[in-house]
Amino acid sequence: MAAIWLALSLTPPHLQALGANYSVTQFPSEVSSIKGDNITLKCTFSIGAGQPTSAKGAISWFKALREAELVVIPGPRFSLIYPDTFLSSGEGLLVITNVSLEDAGLYTCQVMLWGEGEMRGNGAHLHVYARPSRPLISLQFQTSPESKWTLLCNTNGFFPDSVVLTWYRSGQKLPSSQHGYTDLGGSLQASSSLELLNPDQKASYVCSVEHPSLANPLSTQYYHEPYLQIDPSLIRVLNLLKIVMILAITAGFFTTVCIRRCRKDSSRPLVVVIRNRNSR
């Protein structure tokens, strides 16, 4: 985040300077955004009775860390918008474009009126979510420890890890097992497996994904066609026949090559060279 620099707090949170005649409010205090979207944080200040001694002022934004603060500096993704004059109540904005997961945190605005002092808002907590991918369903056959057909549903790319995968058949929820993990690239992934108790029956299955980033669940439908399935014992026989055929073809190829070479050698004329021992 090149647009943010480390800085020390100028004023302790919620501290109002003596004689300050205004208040600062941040609303809403909880803001949510989807990764890649744009978000706007608001900072509203209200002038009390009487007029401030000067029309000059400024609005600053800070992001809280554990032991320090980051002051937000305008840059390619961070824009500060504030009124031209501070003689009356107004509003300042912090606009963040192409929000990333690292942008999540507590943002606090600080309003400074020349001659009146500084005052901070109550803070706004930014939550950033990443949507999961549409679920992908695959059919798997397991031979050990026992033979069974299983449907596997996968989704990835979400944040945080509070994702729920659910299986349905004819609108009825089915018992299944769910597993979550992180891949080598740091992306969260989740899968759910469903054992087919009656693989010989034609049926339609739905895998649904729920996540805080989704207004509605994502779902994928799978049509199970028993007549398309092959008996596992037949698969093993076909694999064995395939190996035998490959070996037979290989043996036949080498036999043909050897026969051709032998015929070629037998067709060559025999040349006999007789040397006279007395000749030099």
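Rings of Phe, Tyr and Trp, the last taken by its six-membered ring, pair if their centres lie within 6.5 Å, and planes under 30 degrees apart count as stacked, over 60 as edge-to-face and the rest as tilted. The structure discussed here is a predicted model, and a search of the whole of it finds two aromatic pairs.

In one of these pairs, phenylalanine 45 and phenylalanine 86 are stacked, with 5.2 Å from centre to centre and 25° between the planes. Because phenylalanine 45 lies in strand β4 (residues 39-47) and phenylalanine 86 in the loop between β7 (78-81) and β8 (90-96), the pair ties together parts that are 41 residues apart in sequence. Phenylalanine 45 and phenylalanine 86 are both buried.

The rings of phenylalanine 141 and tryptophan 149 also form a pair, whose centres are 4.8 Å apart and whose planes stand at 50°, so this pair is tilted. Phenylalanine 141 is partly exposed, with a relative accessible area of 28%, while tryptophan 149, at 15% relative accessibility, counts as buried.

**Charged side chains**

| arginine 120 | glutamate 69 | 2.9 Å |

The salt bridge between arginine 120 and glutamate 69 ties together parts that are 51 residues apart in sequence, because arginine 120 lies in strand β10 and glutamate 69 in strand β6 (residues 69-72). Both arginine 120 and glutamate 69 are buried, and for arginine 120 the relative accessibility is 4%. Strand β10, in which arginine 120 is found, covers residues 117-120.

What other contacts does the side chain of arginine 120 make, and with which side chain does it form a polar contact at 3.1 Å? That partner is the side chain of glutamine 110, and the charged end of arginine 120 moreover sits over the ring of phenylalanine 62, at 4.4 Å from the centre of that ring.

Lysine 202 is exposed, with a relative accessible area of 61%, whereas glutamate 225 is buried, with a relative accessible area of 17%.

**The four-stranded sheet**

Strands β18 and β19 belong to an open sheet of four strands, which has the order β15-β14-β18-β19 and antiparallel pairing. At the edges stand β15 (172-174) and β19 (218-224), each with a single partner strand, so one side of each is left without a neighbour in the sheet. On average, and with direction ignored, neighbouring strands of this sheet are turned by 30° against each other.

Strand β18 (residues 203-210) runs antiparallel to β19 and is joined to β19 by seven bridges. Within β19, threonine 220 is the bridge partner of cysteine 207.

Definitions and conventions. Residues numbered from 1 in each chain as written. Predicted model: local features only at pLDDT ≥ 70, side-chain atom pairs only at ≥ 80, totals over all residues. Heavy atoms only, no water. Pairing = 2+ DSSP bridges. Helix = DSSP H or I, 4+ residues; strand = E, 2+ residues; numbered from the N terminus. Axes fitted to C-alpha atoms, helices over the stretch in contact; angles between N-to-C directions. Buried < 20%, exposed > 50% of the residue type's maximum accessible area, 1.4 Å probe, protein only. Polar contact = N/O pair within 3.5 Å; in protein donor to acceptor, adjacent residues only side chain to side chain. Lys NZ or Arg CZ within 6 Å of the ring centre and 35° of its normal. Salt bridge = Lys/Arg side-chain N within 4 Å of Asp/Glu carboxyl O.
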